[in-house]
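Here are some notes for a colleague who is opening this structure for the first time. They are meant to be read with the sequence and the coordinates at hand.

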Amino acid sequence: MDRQMILSQDSVMGVRGLQGFVGSTCPHICTVVNLKELAEQHRTRHPGCTPTIVVDAMCCLRYWYTPESWICGGQWREYFSALQDFVKTFTDVGIKLVFFFDGMVEQGKRDEWVRRRRRNSKEIARIFHYLKAHREQPGRNMFFIPSGLAIFTRFALKTLGQETLCSLQEADYEVAAYGLRHNCLGILGEDTDYLIYDTCPYLSISELCLESLSTVQLCRETLCESLGLRVADLPLLACLLGNDVVPEGMLESFRYRCLSSYTSVEENVNKKANMILAVSDHIAKVLHMHQGEKALEEMLPLGPNKALFYKGVASYLLPGQQSPWFFQKPKGEMTLNKQIMSVRSDPELKQEVPMCTDPESTSEVPMYTDPESTPEVPMCTDPESKLQVPVCADFESKQEVPMCTDPESKPEVPMYTYSEIKQKLPLGTGPEFKLEASMNTNLEIRQEDPVPMGPEIKQPVTMISDPEILKIARTHHVQGESYLVYNILSSGEIECSNTLEDELDQALPSQAFIYRPVRQRVYSLLLGGSEDDTSTGPTVKEWFVYPGNPLKHPDLVRPLPMTVPGGTPSLKILWLNQEPEAQARRLDTLLACFNLSSSKEELQAVESPFKALCCLLIYLFVQVDTLCLEDLQAFIAQALCLQGKSTAQLVNLQLDYVNPRAVQLGSLLVRGLTTLALVNSACGFPWKTSEFMPWNVFDGKLFHQKYLHSEKGHAVEVLLEQNRSRLTKFHNLKAVVCRACLKENRRIVGRAHWDSHHTGRWGRQGSSSHRTSSGYSRSGQGQPWRDQGPGACRSSTHQIAPPG
């Protein structure tokens, strides 16, 4: 195996330039290791402890997705089989895997999230340009992961019995904290931030050979030796180079000054590598001289960005860790800007700072900072004692498990302890900002300026006030059992990444618009709302990627009233009531979210695993006028034929060519399945998750094959591969969908029977009472959907109201 790490071209996660630097200038920090041997050594050192690897699942998705086809919506049966093999390989040698998924996008990283989504949109445009020119899937160099891969990977791993956790903040922090806390064998991922965190070893997923269980381990201590730094200096280096918190361009001129004064420039390495060497040299020879005497803003040209820079450095400090770079005055006083913060530890508090801090457990303390600085700023507190990594219970679990600590490990003891304190500067405020301070620390605020400032304490605001409901939602979120529900309840803000959609195709609306009415009814269920359509009730911030959305602001979306037979039940009834009638209420509520209450009996008669698929197809065909009978037949035929296919048969399936419209339809259906995951979670899980897992109801290539056959006018028998036993099921499922659509005055016809007035626009916003006479969504005001954007202004002063 090549010791130089391989990184995909589009990956920029972590510290800017560090990945290439490691590969070209410091390859000696990479060592090939055998995970089976490491596990055996671990068991020898720690009898009774299970060797554990914590996995950053978001980094691993593109490496796990090994099916050759990715353009058609996903080869889910193949993908599930690949995950099964991955897990079994580790289980067979006694290694436990713990998987972490991103559950939130931190506000401080929203700009980076937006930047990546914009880049992805450009890549998708190139993909569709290629499809139209060549009618085949592009090469792996244009690979784009199928829609919904992260959410369904989470469900797949849980189905395989794996411990799967969803983060309450950026996942890399919780991954690093878990690895340190549980003395794991290593972190499996692909993010140079794991070289910066002072945690367990960093293992490369891109270099993993599953057959031999060998990979590359990157050693941060060796990196420090090469750079003349200490491990405690790495967070400072990361922020000076630029990362997901500190923009790369913020200190560009400073880096060039370091390079111009660097006397050991190596001619055989590139400019970026010399830049890293020069910045490291400046830290070692200049900044170290004044460490403990001057604050960072006195040594670096931070200007109005000092709060952001402090946040970046502090974001790498795990619970119980400390940094020497937060300047301390005598008697335990630490200065940030014009504020002196005296901090003392409570000696009775011996528990670590929790990895996932519940928003209910923090308070806000006014402080003083630069008015131009808006991001959250975790600060550092003052006890001089280094907190030890204790024997503790498994993360988010009540079951005690034996933990291991290495008695020979003697970490450095820098000056300051990390305390989870985050700055929030509201828009339009002056230089005062608020800090959310961990309740594990006692804070006394003294200001050098004579103007008094009291320690005003405020609880952070959530979208609902019921702590029991919020706690249940949080538990389901952390355990990876729900989707987006906790985000809506806690912050009122959700996001959805890119989908394979052709921005030039005016005939199909974006999935963001098609499923928005469903989400609006979920908001009504979770947050409450008036029966009045014009209510100015709570709004949810949606960061959804769709063609024409610059993502400068979120769409502000109001709940949409819905009608549930017998009245809308409370969340406590849906989530806590175990009576048999409560299950019926849950199903009624789920169908009401899709505005399909009138089709309950027909859907209940449908056998598994086709109930959820039929529900979704009815909704889609009612919503989108440009879907035709051929599309419906292809969706149903592929679902029926999938039941009799082996993974090997699906792998060997070949397509005559690739159709761009079929590509969009495949992604559209999968996004519908993720919407079902949201609705099912919000309604208290009336359906088993297996009902809407894609490996049970959808295969991208198989659908594409059926679409091409249906488009050419092939008989139903051909679509069903001459299997007569499927014919009756096909007609039954088709009848359920068509009858339900007729109730909404939607007649599904063949493409040849389309009337001339079908202009490629989309129409229905829900029930007939929410349609205009022209059939268009009122939120679109009769305009083509591509032109009308999200249905309303994305400004913070405008909201998207329910139609009608």
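1. A place to begin is Leu653, which lies in the loop between helix H24 (647-652) and helix H25 (660-682). Please keep in mind, here and in every point below, that this is a predicted model. Leu653 has a relative accessibility of 14%, and because buried means under 20%, Leu653 counts as buried. Once its neighbours within four places in sequence are left aside, Leu653 is in contact with Lys701, Leu702 and Gln705. For one of these, Leu702, the C-alpha atom is 7.5 Å from that of Leu653, although the two residues are 49 apart in sequence.

2. For the chain as a whole, the count of secondary structure is 30 helices and 20 strands. Of the 804 residues in the chain, 60% are buried. When contacts between residues at least 6 apart in sequence are considered, 77% of them join residues at least 24 apart.

3. How far apart are the ring centres of Tyr515 and Tyr619, and at what angle are their planes? The centres lie 6.0 Å apart and the planes are at 20°, so this pair is stacked. The pair links distant parts of the chain, 104 residues apart, with Tyr515 in the loop between helix H17 (511-514) and helix H18 (516-527) and Tyr619 in helix H22 (residues 611-623). Tyr515 is buried at a relative accessible area of 0%, and Tyr619, with 3% relative accessibility, counts as buried as well.

4. Another pair to examine is Phe635 with Phe703, whose ring centres are 4.5 Å apart and whose planes are at 15°, so that this pair too is stacked. Here the link spans 68 residues, from Phe635 in helix H23 (residues 629-642) to Phe703 in helix H27 (residues 700-711). Phe635 has a relative accessible area of 2% and is buried, and Phe703 is buried with a value of 0%.

5. Aromatic residues also form a cluster, in which ring pairs link Tyr65, Trp70, Trp76, Tyr79, Phe143 and Phe152. One of its members, Phe143, has the charged end of Arg140 sitting over its ring, 4.0 Å from the ring centre. A further arrangement of this kind involves Arg110, whose charged end sits over the ring of Trp113 at 5.1 Å from the centre.

6. Turning to helix packing, two packed helices are described by the angle between their axes and the distance between the axes. H18 packs with helix H20 (residues 580-593) at an angle of about 135°, and their axes are 8 Å apart. That angle makes H18 oblique to H20. On the H18 side the residues that meet the partner are Val518, Arg521, Val522 and Leu525, and on the H20 side they are Thr589, Ala592 and Cys593. Sorted by class, the contact of H18 with H20 has five nonpolar residues, one polar residue and one charged residue.

7. Which form does the peptide bond from Ser608 to Pro609 take, cis or trans? This bond is cis, with omega near 5°, and Pro609 lies in the loop between helix H21 (600-604) and H22.

8. Leu213, with phi near 55°, is in the loop between strand S6 (202-204) and strand S7 (214-218), where its 4% relative accessibility makes it count as buried. Asn745, with a positive phi of about 60°, is in the loop between helix H29 (725-743) and helix H30 (785-788), and at 59% relative accessibility Asn745 counts as exposed.

9. The C-alpha atoms of Pro27 and Leu223 are separated by 9.5 Å, while the two residues are 196 apart along the chain.

Definitions and conventions:
Residues numbered from 1 in each chain as written. Predicted model: local features only at pLDDT ≥ 70, side-chain atom pairs only at ≥ 80, totals over all residues. Heavy atoms only, no water. Phe/Tyr/Trp six-rings, centres within 6.5 Å; stacked < 30°, edge-to-face > 60°. Helix = DSSP H or I, 4+ residues; strand = E, 2+ residues; numbered from the N terminus. Buried < 20%, exposed > 50% of the residue type's maximum accessible area, 1.4 Å probe, protein only. Lys NZ or Arg CZ within 6 Å of the ring centre and 35° of its normal. Axes fitted to C-alpha atoms, helices over the stretch in contact; angles between N-to-C directions. Parallel < 35°, antiparallel > 145°, perpendicular 65-115°, else oblique. Contact = heavy atoms within 4.5 Å. Nonpolar A, V, L, I, M, F, W, Y, C, P; charged D, E, K, R; others polar.
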